[in-house]
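Here is a friendly walk through one protein model, written for someone who likes cut-offs stated alongside the values. Please keep the viewer open as you read.

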Amino acid sequence: MTLTLPPKVTDRAYARLAEINEMTGESKALRVAIEGGGCSGFQYDITLDEPASDDVVLKGEGGVVVIDPVSLPFLENATIDFTEELIGARFVIDNPNATASCGCGVSFSM
């Protein structure tokens with residue numbers, strides 16, 4: 001049996017998720033998933049969603065992050081963060097499993 005360690009979620013990401021839920025009046029989880037595609041082979045899909053029964057659920061101050069079991073191995077030991085830069089504000093993933101990524105940080109290869 002192989003144990004896959006879930007990603008870490010920063011306090012800044014949880015805080016931004018809490019702000020989003022407060023603005024929308026909803027209490028959604030941040031879903032982080034991996035899909036095939038993008039310019040590097042895989043791409044991150046980050047949405048607001050309801051947790052599913054088989055999701056890995058990460059709880060922190062201000063929110064919940066969920067990851068489906070298929071995406072979890074791709075995100076082992078990754079860090080989910082929120083950043084605000086001149087190009088915009090967004091959730092970002094620092095993934096040590098990625099061997100290459102595109103310039104926008106949305107797609108990667110392994």
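The report below goes from the whole chain to its sheet, hairpins, core and a few single residues.

**Ground rules**

This is a predicted model, in which local features need pLDDT of at least 70 and side-chain atom pairs count only at pLDDT 80 or more, while totals for chains, interfaces and linings use all residues. Residues are numbered from 1 along each chain as its sequence is written, and side-chain values use heavy atoms, with hydrogens and water left out.

**The chain as a whole**

The protein chain holds one helix and nine strands; these elements are DSSP runs numbered from the N terminus (helices are H or I with at least four residues, strands are E with at least two). Along the sequence they follow the pattern β-α-β-β-β-β-β-β-β-β. Of the 110 residues, 34% count as buried, where buried means under 20% relative accessible area, exposed means over 50%, and partly exposed is in between (1.4 Å probe, protein chains only). The chain exposes about 6,400 Å², with carbon and sulfur atoms supplying 53% of it; the areas come from the Shrake-Rupley method with a 1.4 Å probe, and for residues only the protein chains shown count as cover. Among contacts with a separation of 6 or more, residues 24 or more positions apart account for 54%, a contact being heavy atoms within 4.5 Å.

**A sheet with a helix on it**

Three strands make an open sheet in the order E1-E6-E7, with mixed pairing; two strands pair if DSSP finds at least two bridges between them. Strand E1 (8-9) and strand E7 (88-94) stand at the edges with a single partner strand each, so one side of each has no neighbour in the sheet. Helix H1 (residues 11-24) packs on this sheet and touches E1, E6 and E7, and its direction makes about 70° with that of E6. Axes here are lines fitted to C-alpha atoms, for helices over the stretch in contact, and angles run from 0 to 180 degrees between N-to-C directions.

**Strand pairs and hairpins**

E6 (residues 79-85) and E7 form a hairpin with two residues between them.

| Strand pair | Sense | Bridges |
|---|---|---|
| E6 and E7 | antiparallel | seven bridges |
| E4 and E5 | antiparallel | five bridges |
| E2 and E5 | parallel | two bridges |

**The nonpolar core**

Which residues touch the most other members of the largest nonpolar core? Of its 19 residues, they are Val9, Leu30, Val32, Val65, Leu75, Ile80 and Ile93. Such a core is a set of buried Ala, Val, Leu, Ile, Met, Phe, Trp, Tyr and Cys residues joined through side-chain atoms within 4.5 Å. H1, strand E2 (29-36), strand E5 (63-67), E6 and E7 each give two or more residues to this core, and H1 gives the most, with four.

Two of these residues deserve a visit. Ile80, leaving aside neighbours within four places in sequence, is in contact with residues including Val9, Ala13, Leu30, Val65 and Ile93. Leu75 lies in the loop between E5 and E6, yet Leu75 is buried, with a relative accessible area of 0%. Not counting residues up to four places away, Leu75 touches residues including Leu5, Val32, Tyr44, Ile67 and Asn97. Leu75 and Leu5 are 70 residues apart in sequence and 8.3 Å apart in space, C-alpha to C-alpha.

**An aromatic pair**

The structure holds one aromatic pair. Phe82 and Phe91 form it in an edge-to-face arrangement, 5.1 Å centre to centre with 65° between the planes. Rings of Phe, Tyr and Trp (its six-membered ring) pair if their centres lie within 6.5 Å; planes under 30 degrees apart count as stacked, over 60 as edge-to-face and the rest as tilted. Phe82 is buried at 7% relative accessible area, and Phe91 is buried at 15%.

Glu26 is in the loop between H1 and E2 and counts as partly exposed, at 44% relative accessibility. Glu26 and Leu48 are 22 residues apart in sequence and 9.9 Å apart in space, C-alpha to C-alpha.
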